[in-house]
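Me: Please take a close look at one part of this model, the nonpolar surface patch and its surroundings, and then turn to the charged pairs.

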Amino acid sequence: MSRHGAARESSRLHSRLEALNDARELAAGALPEEALDEVLEVLDRASSRRSLSAAHTVVGFFGATGSGKSSLFNAVSGAEIATAAARRPTTAEPQAGIWGADDSEPLLDWLEVRNRHHAAPVPGFADEDTGLILLDLPDFDSTRAANREIVQRMVGLVDVLVWVLDPQKYADAAVHNDFLAPLSSHGAVTLVVLNQIDRLPGHDVRPVLESLRGILARDGLGKVQVIGASAVEGTGVDQVRGAIRAAAIRRQALSQRLAADVARSAAMLAEASGTGEAAGVTAASGSRLTAELAVAANVPVVVDAVVRSYRLEAGRRTGWPVTRWLARFRPDPLRRLNLRRDRGTPEVNRTSLPAAGAPERARTDAAVREFADAASEGAPGPWRAAIRGAAREGRERLPDALDQAIASTDLKAARKSWWWSVLNVIQWLALVLAVGGFVWLGLLAVLGYLQLPVPEVPRIEGWPLPTVMIAGGILVGVVLALAAAFIAGAAARARGAAARKRLSAAVGAVAQDLVVEPVALEVSRLASFNAALKMASTD
């Protein structure tokens, strides 16, 4: 690979690793911790491996007891590096054959490989410029737990995986179910060698290899290179060397291995998450939530109090002066609710509205649940739960927050209407006119009682002017009072509508803060998670 190609590959891998980490962080709290921890381990391993020598390709030989893994390792290495023979029938610790010692020590330290052998050049295979590390690893079916742990760890660390199978156990479910199938995304860095084919009759070699290829295809590794070999006779050893050398020369194995790890982790997160996008928050669902919360928060009660309070105050200001004082004995509905504040800071007050009871709480819960269900529609199961959980978190705070919002809303209760003053002046003038008529008639009566001359009274259409003044003043007062009541009703309804709008806005702000925004955040988190997962999965 050219230098520019390697740089592009590294940049693409870096972007995918970042996307995988973003997906992991976004999924915190929604997906199981076990899945997130596995992804974190992959990211940590990738970060560590990328900080070490990129000039070396690490190839691990994996196999079961009796597969001839160590013998094949020695045959490929061209030296007796791996300890076989009777002294140790199975490999107990990783054995390393190294071509290109420079910068290999930190990498081997990270791999925790202590047994290191600086191998001699093998013509046509490897020399000091190749940058190759071969690892002979313990048997994956070893009875020693420590050996199995080494194999499990190395499966996640080496750049190229060479699986050495034998004709007797090549179909063993342990290797396929526990190792090969879970690594189906790692086909580009996997090599399968059927060793000991010298033990098979010549006419059985091809059918056995075809059988093995069929099993690998079911494992998701249908494109993996399968080589028949015999470490004893040297058959296929050059083919194994050629496959390993090609991986080392191309310098792609590291990136391909890490890319496969990213793909596998992304697939695991996708499986844990499920597929789908949430419907999200809509204006209609938000409006329904606000409307339901407004009813639960007694907004209709407050609006009715605003209407009745305005009518009462209008009657006190524009009613017939002779009887309007009676209205002062009627309590102000807003004042009873502690919502009429001519002075003071509303934010520090509380209302006297009835505390939310079971019906109101049930209505609030139903409204929040319906909103969350609508917003989470289409989302996978874990994310639906996360979205609903976000909606429920603010539910307990809603009653107090709504009460405070209503208490803080300026209902304009202290604002006077301009027509009050006009009608009030006319009312008093009409009363003065009527009183003047009474006084006039009273003076005439006194003069007559005292047997004094009584002046002629002006007449209008035959009616004495004082009588006309009394009748006109009373009639005007009563008519104006009735007209004022009609006007006050219309104005009260308008003021109630304005108060409803302001109260709904206040309730909407509470709903936005405690329910809508947390839900929208979870919906956005799911969208970002899906986008990050798609980027991490794209090769």
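Reply: Trp418 is placed in helix α16; helices are DSSP runs of H or I with at least four residues, strands are E runs of at least two, and both are numbered from the N terminus. The model is predicted, so local features need pLDDT of at least 70 and side-chain atom pairs count only at pLDDT 80 or more, while totals for chains, interfaces and linings use all residues. Residues are numbered from 1 along each chain as its sequence is written, and side-chain values use heavy atoms, without hydrogens and water.

Trp418 is exposed, at a relative accessible area of 69% (exposed is over 50%, buried under 20%, partly exposed in between, with a 1.4 Å probe and protein chains only). Together with Val422, Ile426 and Val476, Trp418 forms a nonpolar patch with about 400 Å² of accessible area. Such a patch joins nonpolar side chains (Val, Leu, Ile, Met, Phe, Trp, Tyr) within 5 Å, each with over 30% relative accessible area and no salt bridge; like charges are joined within 9 Å. Areas follow the Shrake-Rupley method with a 1.4 Å probe, only the protein chains shown counting as cover for residues. Helix α16 (residues 418-449) gives the largest share of the patch, 3 residues.

As for charged pairs, the structure holds 17 salt bridges (a side-chain nitrogen of Lys or Arg within 4 Å of a carboxyl oxygen of Asp or Glu). One of them joins Arg363 to Glu292, with the closest N and O atoms 2.8 Å apart. This pair links helix α13 (residues 358-376) to helix α10 (residues 283-296), 71 residues apart. Arg363 is partly exposed at 36%, and Glu292 is partly exposed at 27%.
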